[in-house]
Amino acid sequence: MVSRSSARAHATRARILEAALRELGRDPDCSLGDIAGAAGVARRTIYGHFTGRAALVQGLSADAGEAVRRVSADTHAPTPDAVTELARFVLALWPVGDRYRTLLGLAHRDLGPDTIDALLRPARETVSGILAQGQQQGVFHTAVPPGPLNRALEAQLLALLECVNSGLWNDDGTAATTAALITAGVGRDSAAAAVHHLRPSS
């Protein structure tokens with residue numbers, strides 16, 4: 001049974017991380033004092049949970065990584081319908097990327113390539129499996145092997161999230177998923193139909 005003090009500490013930590021997402025998204029150079037103010041806590045309270053800015057950003061990364069793992073664990077490949085499975089996965093992953101897109105601006109400065117690789121690895125493994133199955137089924141193009149094709153899709157989705165970050169674009173995942181299917185080799189009309197089937201109101 002979780003004690004009342006443990007529950008309060010967990011809630012405070014979550015509030016700090018939520019404030020960090022907002023404030024770092026607004027200004028990547030914001031101070032811990034700014035984040036503390038946004039979270040409604042004293043600066044020393046942040047230090048009770050995180051040793052400093054780097055640890056706070058690592059905390060955000062860990063939460064993002066756990067969200068990516070949950071989405072990846074819910075996706076099982078191979079599948080009888082790789083197009084639908086890829087569309088379902090990207091639609092499920094997009095809200096995670098959208099929530100944590102603040103990390104895109106902090107990736108090279110605060111996280112480093114090893115942390116980014118660890119965060120994205122579950123999604124990479126899942127998508128590579130789906131792409132391999134789709135190539136065997138003949139529904140995805142075979143000009144590029146699954147691994148490199150996966151990295152191309154990843155770069156495309158991250159670039160689209162960057163556009164959302166900078167205010168150039170807005171999407172609920174529908175357009176991004178359609179674009180991912182097209183990049184994988186699905187015809188434009190078939191890609192749109194596959195996404196519409198999963199999200200009829202789109």
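This is a predicted model: local features need pLDDT of at least 70, side-chain atom pairs count only at pLDDT 80 or more; totals for chains, interfaces and linings use all residues.

Modeller: Residues are numbered from 1 along each chain as its sequence is written, and side-chain values use heavy atoms, leaving out hydrogens and water.

What counts as a pocket here? On a 1 Å grid over the protein atoms alone, a pocket is an open set of points with protein on both sides within 12 Å along at least five of seven lines, whereas a cavity is a set where a 1.4 Å probe fits but cannot get out; lining residues have an atom within 4 Å of a point. The largest pocket holds about 640 Å³ of space, a volume filled by probe spheres set on points joined across faces, edges and corners. Two or more lining residues come from each of α4, α5, α6, α7 (113-137) and α8 (146-165). By type, the lining has 21 nonpolar, 4 polar and 4 charged residues. Nonpolar covers Ala, Val, Leu, Ile, Met, Phe, Trp, Tyr, Cys and Pro; charged covers Asp, Glu, Lys and Arg; the others, Gly among them, are polar.

T102 belongs to helix α6; helices are DSSP runs (H or I, at least four residues), strands are E runs of at least two, and both are numbered from the N terminus. T102 counts as buried because its relative accessible area is 11%, and buried means under 20%, exposed over 50% and partly exposed in between (1.4 Å probe, protein chains only). Beyond its neighbours within four places in sequence, T102 touches L21, L24, G25 and N165, where contact means heavy atoms within 4.5 Å.

That brings us to α1. Helix α1 runs over residues 4-26, and its buried residues include L21 and L24. The buried residues of α1 pack against α6 (102-111), and also against α2 (32-39), α3 (43-49), α4 (53-73) and α5 (82-99).

Now step back to the protein chain. It contains 10 helices and 0 strands, and 42% of its 202 residues count as buried. Its C-alpha trace spans about 60 × 40 × 35 Å along its principal axes.

Key:
The expected span of a helix is 1.5 Å times one less than its number of residues.
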